[in-house]
Amino acid sequence: MPHSLRSVIPRARRAKAALLASAVSGCLIAASAPAPAVPLGLGDPLFPTLGNPGYDVRSYDLAFTYSGSNDKPLSAVTTIRARATERLERINLDFTHGTVQSVDVNGTPAAFTGAGEDLVITPEVPLPRGGALRITVRHTSDPRPATGTEGGWVRTEDGLAMANQADAAHLVFPCNDHPSDKAMFTFRVTAPDGYTVVANGVPAGTEHTGRGTTWTYRTKHPMATELAQVSIGRSAVLHRRGPHGLPVRDVVPAEDRALLEPWLAKTPQQIAWLEKKVGPFPFEAYGLLIARAQTGFELETQTLSLFEKGVFTQPAYPAWYVESLMVHELSHQWFGDSVSPRTWSDLWLNEGHATWYESLYAEETAQRPMETRMKAAYGLSDRWRATGGPPAAPRPPKPGRKISLFRPSVYDGAALVLYALRQEIGAPAFERLERAWVAVHRDGTATTADFRRLASGIAGRDLSGFFRAWLYGEKTPPMPGHPDWKSDPPQASETAR
Ligand SMILES: [Zn+2]
């Protein structure tokens, strides 16, 4: 997401963590009784109960039936293929904000119950470690906003889109809702005639039925749940070619097609520019999904980035700025999508790089020097660190308060770390590092420590001290090559915890 617009607000998840803590201690007391159904998590530093242990998802097959009204629940069938990584008496999926009608495990009906934001499934027989799992959940998927949360389905003027980052995919479908467990996706969406459906990946057929048309899409690369996208609307789909024949397809409100075309025509050249910087585009297709909706953010959903129409029609936004937003979401396809964060504390690797290329593009195409922007960021960096935490140790959202994880510290604050790194190791080594990073970790997940190790290897010296100070320090270290740069001290209100 870009930093420059109102940011997305992830939900506070503390209540669930507290519930988990009390349920776990209860479990220790009554050790001989059957284990109670409790919400589990992967222990993410920011979202401890997101995701679930004990299995590795290979694929999701998501079927949705849309009625034509975006304030009614969709009927849905989610089929998950996974492998058990330990013996499982219970399987926890993340799912809330929908009604579950039935669950099958490997073809046999299974008992299920809700616990916190988990759907806890008890198969008829425990599953052996290493065993294959096919879980089928029949459920509803509610596009109306859940109380106290944002994200999941986005209701547009003419249908629906999705915005699941960071922790909202499980408001839409049952899943292992953490970017460390990427999987292949198939979408089968049935909508009344007159609607167009597009999802991540590439089309795999349409079928006309009594209820309308079923549109099928498949990803050719693994994807995190937070990056899933389904667009249902009165849309036009515009096709063009990117570099080396890459399919570029944009999804826009049919009536806005001519208005948006001049912007859409810029994408192939932006892809070519980024390919020159970091290497081949990592996926099977790209394009913009432009929605008539007010989300307050843009989102790098894999192969199909979500934008609000207003970005392109607001006279207040200069052209260079709109283009830099396009490049921001495009660069996430490499940084954040193809290479996903192992935990949400690694978010700076997504947003820092997207901000870096956004800024570099503005420097190279619109005479907006990176150095000016970075000097300004340096001036604010200590204040950002005081309010949001240092780039690689962002503070979690506070319970009950709509504080976003998507703060300046992980945008320009993290791009500033990359600027310092380029100053420290020199531009040629920095550029080699960037290309190597997206090549080595393509279609995978990676950590801050992975980045430090790769950078040290390429620079030919141990950069642990550099990264410790820049990524985890309360104070911004001196900028290499710019000893005169100063960072303003935090205000009293910014240091209050
Ligand atoms: Zn971003």
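Which residue in β7 is the bridge partner of F112? The partner is I121. We will come back to this pair after a look at the whole chain.

The model is a predicted one: local features need pLDDT of at least 70, side-chain atom pairs count only at pLDDT 80 or more, and totals for chains, interfaces and linings use all residues. Residues are numbered from 1 along each chain as its sequence is written.

Start with the overall division. Domain 1 covers 1-227 and domain 2 covers 234-497. These bounds come from an automatic or database domain assignment. The C-alpha centres of the two domains lie 27 Å apart. Across the boundary, 41 residues of domain 1 are in contact with 47 residues of domain 2. Contact here requires C-beta atoms, placed from the backbone, that lie within 7 Å. On the domain 1 side, the elements giving two or more residues are β9 (152-156), β10 (159-163) and β12 (196-199). Strands are DSSP runs of E with at least two residues, helices are runs of H or I with at least four, and both are numbered from the N terminus. This side of domain 1 has 23 nonpolar, 10 polar and eight charged residues. In that count, Ala, Val, Leu, Ile, Met, Phe, Trp, Tyr, Cys and Pro are nonpolar, Asp, Glu, Lys and Arg are charged, and the others, Gly among them, are polar.

Now go inside. The largest nonpolar core has 71 residues. Such a core is a set of buried Ala, Val, Leu, Ile, Met, Phe, Trp, Tyr and Cys residues joined through C-beta atoms within 7 Å. Buried means that 20 or more other C-beta atoms lie within 10 Å of the residue's own; with 12 or fewer it is exposed, and in between it is partly exposed, with C-beta atoms placed from the backbone. I121, A161, V189, V197 and L289 have the most contacts inside this core. Strand β1 (residues 55-65) gives the largest share, five residues. Where does the core lie, and why? Domain 1 and domain 2 both give residues to it, so it lies between them. Leaving aside residues up to four places away in sequence, V189 touches F64, Y66, V197, A199, T214, W215, V230 and I232. Apart from this core lies another, of 56 residues, among them A166, V248, F283 and Y286.

Three strands form an open sheet in the order β3-β7-β6, with antiparallel pairing. Two strands pair if DSSP finds at least two bridges between them. β3 (91-94) and β6 (111-115) stand at the edges with a single partner strand each, so one side of each has no neighbour in the sheet. Five bridges link β6 to β7 (residues 118-122). Four bridges join β3 to β7. In β7, I121 is the bridge partner of I91 and also of F112. Along β3, I91 and L93 point one way, N92 and D94 point the other way, and all are buried. In general, side chains of a regular strand alternate between the two faces of the sheet. The loop between β6 and β7 holds G116. G116 is buried, with 22 other C-beta atoms within 10 Å.

A second open sheet has eight strands, in the order β5-β4-β8-β2-β1-β11-β14-β13, and its pairing is mixed. β5 and β13 (202-209) stand at its edges, each with a single partner strand, so one side of each is left without a neighbour. β4 and β8 (residues 132-141) are antiparallel and share five bridges. V103 has V137 as its bridge partner in β8.

Finally, look at the backbone. Most residues other than glycine have a negative phi, and most peptide bonds are trans. N106, in the loop between β4 (100-105) and β5 (108-109), has a positive phi near 50°. With 15 C-beta neighbours inside 10 Å, N106 counts as partly exposed. Q367 also has a positive phi, of about 50°. Q367 lies in the loop between α6 (347-366) and α7 (370-388), and its 8 C-beta neighbours inside 10 Å make it exposed. A cis peptide bond joins Q165 and A166, with omega about 0°. A166 sits in the loop between β10 and β11 (184-191).

Note on methods. Two residues are in contact if their C-beta atoms, placed from the backbone, lie within 7 Å.
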